[in-house]
Structures are given as structure tokens and as C-alpha cells.
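Here is a friendly walk through one protein model, in questions and answers. Have the sequence and the 3D view open as you read.

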Amino acid sequence: MTDRIRVGVIGAHAARGWGRGVHLPALEGLDHYRITAVAGTGMESARAAATAWGAEHAFDDARALIAHPDVDLVTVAVQLPRRDGLVEAAIAAGKHVYSEWPLALTAPDAERFRTRAQTVGVRHAVGLQSRHHPAVRQLRDLVAAGRIGEVLSASLTYSLSTPQVWSTRYAALFDHTKGVNHLAVVGGHSLDMFCSVVGDFTEVSATLATRIRRITLEETGEEIEVTSPDQIVVAGLLASGAAASAHLMTGGTRGDGFRIELHGRAGRLVLRSTDDSLVGPEFVLEYCDGTADPVQLPLSTPYRPAQPQLPPAVRNVRHVYEELANAIRSGGPLEPDFGTAVRTHRLLDAIKESALTGTRQYLR
């Protein structure tokens, strides 16, 4: 490996998309990395992306990018249904991997990716970057430090407004057989962020409901049936013994974003977002010790972002890249990685099984 980690980005685009809007600005200015290759759906768009990203190589075949000797790290920034074994191919080629979330369709598939990566000896990251939001990290550390004493209960709510007319490129969101529906995407990001603060669920009971049953595709005017749930309700116990609940709701004309409320023997902490963005909100943190009204806690110095001008999602992804570079260079710890993804996929699988069978599910 050269002095800088050479990155190949699958799903790069010159003007739009998650890669262009988040990964590129996250990588810009990081001394550890150099973008050397991009892959798109055709050579014309790939060459345009290479110009926009400052990459030396452009490919219309993602596997050619993976095989290229000038690539040390493969960033897979395309949706799960269009990956076609790319994560496995990168691992097999001995390349480090940063895969967008969801990592796989099921927990066993995610486990297989993790096991293979460990066997080959490559480092791996997954796009569950919201756990690195500065306010979330501050909340996690306050809980760990005992600011509210023993946590008795924890709750998460998230509401997101949604349009009635959608572009066809989002059609998979409404298909329960696809890995990018509301449970996988909204549930995965929200629950991983929540569990990073309060710990993992050990048992869950869940209800899934589909309240919006048809949506319209913008390009054709076609109405399609919605088979994925837009109401996700979970209750259970955490590894600490605390009771926990989550209600994730999408639909309607206005959402209220995130609210995490933690009740402890010595006080209460509430984290709430100022908008309904899933992966890029800002947060307000409040504390109450029971003797006075709640007070807002400012973001303390260790958590203040080094690049406050960047959007939250970019800052959070940048944090993942920084930890990934350290893991590659020195073997340091890294989260979120494929192990993080396995735990989150197991929780989502348990939620689906509980809702399907009407039984409580236990997680190891």
C-alpha cells in the first residue's frame, strides 16, 4: 500500500447521488485517502464522475475497478438490490471494503460477509454512521458515566413525512422482499443509533403495519401496491435489563424526527432532532435531575466537529473514514463494521419474525 489509501468508489456520479453528495465531500481533505478510481453504469458517466472526483481511472464494470492494482479500499455506494455480489468480490480480491447500509438481505448473509473478511484479513466498514453524530456520542458517554444513574427505561420515536408521488428509482422502498424498504433503511439506521447509546436488545416483541397501501410513480403515473411496513413498533428488554421501546412511523404531511428519552434512577436525558431527516439531523440534548426544570446541555468541546460547516451526514461519514484509516494502518478498533451490521440485521430479522408469528424473539 502507498502512503495514502487508494479508494475506488462504485456508484460514483458526477452530479447526484449519495456518493456524490456525501462520500466525496467526506473524503475531501482527508490526508489518509486518495480517490483513484470510480465506476458507473456507462463509460460516459464514469468518465464524467472521474473528472468530478479527481480519479485517474474510470470503469463501467465495477469488478474491473475491484481488480485494479491502484485500489486498496472499495467503497460500495450503490443500493443493495444493485450490488450483485460486489462486497464478496472486493473481499475475495483482498481489498478493504466500505459498504453502504443495508449490508445484506438477512443476518446470516451479513455474518457470511464478516466471516469471509476476517478470514481474508481485510478491514470493513458499513454505512451506519449516525452513531457517530456528535450529540449521539455525547449522550452515549453521559449514560456510560452514570449521569442519570442506572437506566430504567429507554424509548425511541421517529416520524418522517413522505410524499404521495415517488420517482421510480425509489420503488424498491415499497417492496417487502427488497433489502431497502422502510424496515431495513429507517429501522436499521434508527435502531443502530439507539442501541449504540443504550445497548443491545436481548428480547423483542414487534408489530408491523402498512397503512399507506398504494403510491404513485412520478415518471409513469402508475400506482403500485405497497407491501413494506410504514409503522414499526418494537418493545423489549436491553442487555442491561432496562425496558425499551421504539416506534418508527413514516407517512403523512409532517414528521417530527427523532426523540430518544432515557429514564434513570438519578435523572432523565432527552435527545431530539430539529428536523425529520433520517441520516442528517441536528440534535438538542436536555437533562433533568428531578429537582428543577429540564436544561439544555450544550455540545461540549470534545464532541464539537472539526468541520462544523459540513452537513451532519458528511461529518458522520467522515468520522467512519477516519476510524477506518486508523484500523487499516494500525489495526485499531472500528465501528460501525460488518460486526455492527450483523447485530443490526439480527435485530431486524427478530422484529420481522416476531411480527409474523406473534411471538417474543430472543437475541443472543
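Q: Which residues lie nearest the centre of the second largest pocket?
A: This is a predicted model, where local features need pLDDT of at least 70, side-chain atom pairs count only at pLDDT 80 or more, and totals for chains, interfaces and linings use all residues. Residues are numbered from 1 along each chain as its sequence is written, and side-chain values use heavy atoms, with hydrogens and water left out. A pocket here is an open set of points on a 1 Å grid over the protein atoms alone, where a 1.4 Å probe fits, with protein on both sides within 12 Å along at least five of seven lines; lining residues have an atom within 4 Å of a point. The second largest pocket is lined by 17 residues, and those nearest its centre are H176, K178, N181, L183 and K352.

Q: Which element gives the largest share of the lining of the second largest pocket?
A: Helices (H or I, at least four residues) and strands (E, at least two) are DSSP runs, numbered from the N terminus. The largest share, four residues, comes from α9.

Q: What is the volume of the largest pocket?
A: A volume is the space filled by probe spheres set on the grid points, which are joined across faces, edges and corners. For the second largest pocket that comes to about 290 Å³. For the largest pocket, the volume is about 1600 Å³.

Q: Which residues that line the largest pocket are the closest to its centre?
A: The elements that give two or more residues to the lining of the largest pocket are α1 (17-27) and α7 (182-198), and α7 gives the largest share, four residues. Of the 42 lining residues, the closest to the centre are W18, A77, Q79, R82 and Y170.

Q: How many residues in the lining of the largest pocket are charged?
A: Ala, Val, Leu, Ile, Met, Phe, Trp, Tyr, Cys and Pro count as nonpolar, Asp, Glu, Lys and Arg as charged, and the others, Gly among them, as polar. The lining of the largest pocket has 23 nonpolar and 13 polar residues, and the number charged is six.

Q: Which strands stand at the edges of the open sheet of three strands?
A: Two strands pair if DSSP finds at least two bridges between them. The sheet has mixed pairing and the order β8-β10-β11; β8 and β10 (residues 214-217) pair in the parallel sense over two bridges. Each edge strand has a single partner, so one side of each is left without a neighbour in the sheet; these strands are β8 (165-166) and β11 (223-225).

Q: How many disulfides does the structure hold?
A: A disulfide is a covalent bond between the sulfur atoms of two cysteines, counted here when the sulfur atoms are within 2.5 Å. By that criterion, the number in this structure is zero.

Q: Is D84 buried or exposed?
A: D84 is found in the loop between β4 (73-76) and α4 (86-92), and its phi is near 50°, a positive value in a residue other than glycine. Buried means under 20% relative accessible area, exposed over 50%, and partly exposed in between (1.4 Å probe, protein chains only). At 60% relative accessibility, D84 is exposed.

Q: Which residue is joined to P102 by a cis peptide bond?
A: P102 has its place in the loop between β5 (96-99) and α5 (107-120). The cis bond has an omega of about -5°, and the residue joined to P102 is W101.
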